[in-house]
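Dear colleague,

I am handing over the structure below, together with notes on what was found in it. Please read the notes with the model open beside you.

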Amino acid sequence: MLPALILSSDSHVFEPPDLWTTRIDAAFRDRAPRMQRIDGADQIVVEADQVLSGIGLISNAGARFETPETISAQGRFEDVHRGGYDPEQHLADMRLDGVAGEVLYPSQGLFYFRVADPALMSAIFRAYNDWLAEFCRVDPVRLKGIAMINLDDVRDGIKELERTARLGLAGAMITEYPLEHRRYDQPEYEPFWAAAEALDVPLSLHTATRRQGKIRGAGDRTLRDASSRATKVFYPALSMCDMIFSGVFERHPRLTLAIVEFELAWAPHVLSTMDYTYRERHGEAIYRFKDGLRPSDFFHRNVVLSFQEDVLGIRLRDLIGVDNMMWGSDYPHSESTFPQSRKILAEILAGVPADEQARIVGGNTARVYHFDVPQLAAHA
């Protein structure tokens, strides 16, 4: 039997089509992201003619169980789950799925980390963060929003981090992989890491948020799209290693990094090779940790991984760390476990001790994002 408390560490809202055109700063109104119907399907468009992606894959929860043949990048807003943009319906869908609380990420907003103009990106993020905070206020016990933060200007990023914390958002997402010359080992980020630690705001690297490269779903499909998707964990793994090897977590021991929607099973190999590199390749691992700590020690103390259905990762949980694993449903996206999350969890956690199940499906998420478990129980 599954634990009573199930929390999703990775769910999504679906931004209404007029979010940015009505909320963005006036100076950016004519460049605001919008949804445009092209050849019968709705496309995400920014600026004059930059088509970023169709919406089918980020709006089609449940189709994988009912009509998998209908899943494609193409979609129309009228077919989106209302719970994506209506908080009351979202809560009703959570009850249907047997999920007590959710951590909420954007859907369309994931793609906007590739906007070239930093000022426009920051304006997009501010408008979204305001709307998300209003969405979560409908039930702040159950709904925990994650702010979008642009670090092209670190000082501006800190200002928005502080503002969104005051709005009540529970965490902040940054690009999973910045521009090559500004990777996360650079000292310019140090004030941001310090601010996140002081505010007790966990940071997230979510899939589809690279600062560079082609936007998944845009343009002609090629074999390389499949190769990119199959190896997508390469980028957040690099970012995590940059942070660990440069001593970010030694200097900021209370900082938490969540790597979201990249599953689990990749981690043991990376942990092993990090420690090997640190031990055997001293010239490559310049920063030397105090007290005999290894890179993997910082992973186990400071990093958590969000997953959906990684059966192999569950088998490797003793190497990953049970306290480093958080389940997420990915509602309302096409690959989501909604509305069969409890059934799927029961299958992939079969044979896992009850105390470990409780931490994986809810306890770790409650700890990282400060869910009030007694209040959740009282509302059940």
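Buried here means under 20% relative accessible area, exposed means over 50%, and partly exposed lies in between, with a 1.4 Å probe and protein chains only. This is a predicted model, in which local features need pLDDT of at least 70 and side-chain atom pairs count only at pLDDT 80 or more, while totals for chains, interfaces and linings use all residues. Residues are numbered from 1 along each chain as its sequence is written, and side-chain values use heavy atoms, with hydrogens and water left out.

On that scale Thr256 counts as partly exposed, because its relative accessibility is 22%. Thr256 lies in the loop between helix H9 (248-251) and strand E9, where helices (H or I, at least four residues) and strands (E, at least two) are DSSP runs numbered from the N terminus. Not counting residues up to four places away in sequence, Thr256 touches Pro202, Leu203, Asn302, Val304 and Val368, contact meaning heavy atoms within 4.5 Å. The C-alpha atoms of Thr256 and Val368 are separated by 7.9 Å, although the two residues are 112 apart along the chain.

Next, the sheet. Eight strands form an open sheet with parallel pairing, in the order E1-E5-E6-E7-E8-E9-E10-E11; two strands pair if DSSP finds at least two bridges between them. Strand E1 (7-12) and strand E11 (325-327) are the edge strands, each pairing on one side only. From one strand to the next the twist averages 30 degrees. Within this sheet, strand E8 (residues 203-206) runs parallel to strand E9 (residues 257-260) and is joined to it by 4 bridges, with Leu203 standing opposite Leu257 in E9.

Ser204 has its place in strand E8 and is buried, with a relative accessible area of 0%. The side chain of Ser204 makes a polar contact with that of Tyr105 at 2.7 Å; a polar contact is a pair of N or O atoms within 3.5 Å, of which, within protein, one must be able to donate a hydrogen and the other to accept it, and residues adjacent in sequence count only if both atoms are side-chain atoms. Leaving aside neighbours within four places in sequence, the residues in contact with Ser204 include Ile146, Met173, Ala258 and Tyr369.

Helix H5 (residues 154-167) has 14 residues, which at 1.5 Å a residue should span 20 Å, and its end C-alpha atoms are 20 Å apart, which agrees; the expected span is 1.5 Å times one less than the number of residues. In H5, Val154, Gly157, Ile158, Glu160, Leu161 and Thr164 are buried. They cover an arc of only 165 degrees around the axis, so they lie on the same side of H5, the arc being that of the directions from the helix axis to the C-beta atoms. The face turned away from this buried side carries the exposed residues Arg155, Lys159 and Arg166. H4, E6, strand E7 (171-174) and helix H6 (190-199) are among the elements covering the buried residues of H5.

Finally, strand E3 (residues 41-46) is mostly covered, with 6 of its 6 residues buried. Strand E2 (residues 34-38) pairs with E3 in the antiparallel sense over 5 bridges, and Arg34 has Val45 as its bridge partner in E3.

With best wishes

Terms used. Axes are lines fitted to C-alpha atoms, for helices over the stretch in contact, and angles run from 0 to 180 degrees between N-to-C directions.
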